[in-house]
Amino acid sequence: MLPKNRRLARREFPQILKNGTRHNSQNLLMYSVFDNVQKSTKFSFSISKKNSKSSVERNKLRRWGYSVITKHIKEIKPGFLCFFSFKKGSVKTEFQSLENEILGLLSVSGVIS
């Protein structure tokens with residue numbers, strides 16, 4: 001799991017949703033915003049109960065997302081706030097395709113080079 005200081009707080013969500021740029025992939029929607037005050041990049045993953053009634057499946061996807069970020073943390077530039085939301089049908093995705101989507105979104109948004 002990603003350390004708490006690398007995860008978004010609830011008070012940071014309005015800033016991201018209001019000022020952030022939005023990027024789409026097949027299973028994910030990503031909002032990202034650059035914040036000069038932040039020394040490290042922070043992340044959050046969210047999945048609605050509408051996508052899956054099973055908390056086990058929802059938590060699995062969130063853990064996979066945090067796992068991808070932890071695995072590639074050295075490539076990530078500091079100062080960003082990133083919020084990922086899983087789309088409908090994303091429960092059936094595999095880890096490797098999810099990893100590719102996350103890295104693609106981070107690359108497009110400029111969080112990794």
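Mentor: Let us begin with two residues of this predicted model: Phe45 and Phe86 are both buried.

Trainee: What makes Phe45 and Phe86 buried?

Mentor: The term requires under 20% relative accessible area, and both Phe45 and Phe86 are classed as buried.

Trainee: Why is the pair of Phe45 and Tyr66 called edge-to-face?

Mentor: The ring centres lie 5.0 Å apart, and the planes stand at 80°. Centres within 6.5 Å make a pair, and planes over 60 degrees apart count as edge-to-face. The pair of Phe45 and Tyr66 is therefore edge-to-face.

Trainee: What does the pair of Phe45 and Tyr66 tie together?

Mentor: Phe45 belongs to strand β3 (residues 42–46) and Tyr66 to helix α2 (residues 55–71), so the pair ties together parts that are 21 residues apart in sequence. Tyr66 is buried, as is Phe45.

Trainee: Why is the pair of Phe45 and Phe86 called tilted?

Mentor: The distance is 6.2 Å centre to centre, with 35° between the planes. Stacked needs under 30 degrees and edge-to-face over 60, so the rest count as tilted. Phe86 lies in strand β4 (residues 80–86) and Phe45 in strand β3, so this pair ties together parts that are 41 residues apart in sequence.

Trainee: Which residues form one aromatic cluster with Phe45?

Mentor: Tyr66, Phe84 and Phe86 form one aromatic cluster with Phe45. Phe84 is also among the residues that touch the most other members of the largest nonpolar core, which has 22 residues.

Methods
Residues numbered from 1 in each chain as written. Predicted model: local features only at pLDDT ≥ 70, side-chain atom pairs only at ≥ 80, totals over all residues. Heavy atoms only, no water. Phe/Tyr/Trp six-rings, centres within 6.5 Å; stacked < 30°, edge-to-face > 60°. Helix = DSSP H or I, 4+ residues; strand = E, 2+ residues; numbered from the N terminus. Buried < 20%, exposed > 50% of the residue type's maximum accessible area, 1.4 Å probe, protein only. Core = buried A, V, L, I, M, F, W, Y, C linked by side-chain atoms within 4.5 Å.
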